[in-house]
Amino acid sequence: MKLKQTDTQKQASLIEINGYSATVNYDESIKMWRGEFIGLKDGSADFYAKDLDELRKEGEISLRVFLTDPETKQGLREMKDEYVAQTK
């Protein structure tokens, strides 16, 4: 997994999972990698794993669970539409 360090969080890196960005860092206190999707409207989704390959898999699961919550689906669609519009 290729990680890219963000400007605002020197300890964190940025990855993309299924079109959504997540910060990733190693939590020394629990000896695990931790990821958290950024910019999600109406909630948050985080995920943990012992290694980076598993972290991506856990991120996909976490995002899928988050997306199945009917109250957040519309907010996520709007967020993604806004992001796509800003990058054009």
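Helices (H or I, at least four residues) and strands (E, at least two) are DSSP runs, numbered from the N terminus. The model is predicted, so local features need pLDDT of at least 70 and side-chain atom pairs pLDDT 80 or more, while totals for chains, interfaces and linings use all residues. Residues are numbered from 1 along each chain as its sequence is written, and side-chain values use heavy atoms, without hydrogens or water.

Two strands pair if DSSP finds at least two bridges between them. Strands β2 and β3 run antiparallel and are joined by five bridges; Ser-13 stands opposite Val-24 in β3. The two strands form a hairpin with two residues between them, and Asn-18 in the turn has a positive phi of about 50°. Six bridges join β3 to β4, also antiparallel, and Thr-23 has Glu-36 in β4 as its bridge partner. In the hairpin of β3 and β4, four residues lie between the strands, and Lys-31 takes a positive phi near 55°.

Two aromatic pairs were found in the whole structure. Rings of Phe, Tyr and Trp (its six-membered ring) pair if their centres lie within 6.5 Å; planes under 30 degrees apart count as stacked, over 60 as edge-to-face and the rest as tilted. The Tyr-26 and Trp-33 pair is edge-to-face because the planes are at 70°, with ring centres 5.3 Å apart. The rings of Phe-37 and Phe-47 are tilted, with centres 5.1 Å apart and planes at 45°. Phe-37 and Phe-47 are both buried (under 20% relative accessible area, with exposed over 50% and partly exposed in between; 1.4 Å probe, protein chains only).
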